[in-house]
Amino acid sequence: MDRETGDSDDEESDGQFTPVAELGYEKARDELAEIVGTLEHGGLDLDTSLALWERGEALAARCEEHLRGARERIESTIARKDGAGEDESD
């Protein structure tokens, strides 16, 4: 993220950001960290700051979505393993 212009590495060539729904966890997390740093640095106009904040909120929600999915997969795997173990002892 360019701190002066608010431009992100995840910006497409036409100046538009990659849609949040298309980002994997790592890309969303990295872009969110860049946005936080840019906002903390300051010096942007209000409209740019608000646009970045809104993008950051969407990225944070996307990261939570990925983490929730990972947690569900882990819990499902553990439940299957526990269920299989119970069947063997009967």
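Reply: Helices here (H or I, at least four residues) are DSSP runs, as strands are (E, at least two), numbered from the N terminus. The model is predicted, so local features need pLDDT of at least 70 and side-chain atom pairs count only at pLDDT 80 or more, while totals for chains, interfaces and linings use all residues. Residues are numbered from 1 along each chain as its sequence is written, and side-chain values use heavy atoms, with hydrogens and water left out.

Me: Fine. Where is L52?

Reply: L52 lies in helix α2, residues 46-89.

Me: Is L52 buried or exposed?

Reply: Buried, at a relative accessible area of 4%. Buried means under 20% relative accessible area, exposed over 50%, and partly exposed in between, with a 1.4 Å probe and protein chains only.

Me: How far is L52 from T38?

Reply: Their C-alpha atoms are separated by 8.7 Å, and the two residues are 14 apart along the chain. T38 is one of the buried residues of α1, along with A28, E31, I35 and G37.

Me: What span should α1 have, and what does the model give?

Reply: The expected span is 1.5 Å times one less than the number of residues. For the 17 residues of α1 (residues 25-41) that should be 24 Å, and the end C-alpha atoms are 24 Å apart, which agrees.

Me: What follows α1?

Reply: G42, with a positive phi near 80°.

Me: And R29, how accessible is that residue?

Reply: R29 is in α1 and counts as partly exposed, because its relative accessibility is 36%.

Me: Changing topic: which residues form the largest nonpolar core?

Reply: Eight residues: V20, L23, A28, I35, L44, L52, L59 and C63. α1 and α2 are the elements that give two or more residues to this core, and α2 gives the most, with three. A nonpolar core is a set of buried Ala, Val, Leu, Ile, Met, Phe, Trp, Tyr and Cys residues joined through side-chain atoms within 4.5 Å.

Me: What about R62, buried or exposed?

Reply: R62, in helix α2, is buried, since its relative accessible area is 14%.

Me: What does R62 touch?

Reply: Leaving out residues up to four places away in sequence, R62 touches V20, A21, L23 and A28, where contact means heavy atoms within 4.5 Å.

Me: Which side chain does R62 join in a polar contact?

Reply: That of E65, at 2.6 Å. A polar contact is a pair of N or O atoms within 3.5 Å; within protein, one must be able to donate a hydrogen and the other to accept it, and residues adjacent in sequence count only if both atoms are side-chain atoms. The R62 side chain also reaches the backbone oxygen of V20 at 3.4 Å.
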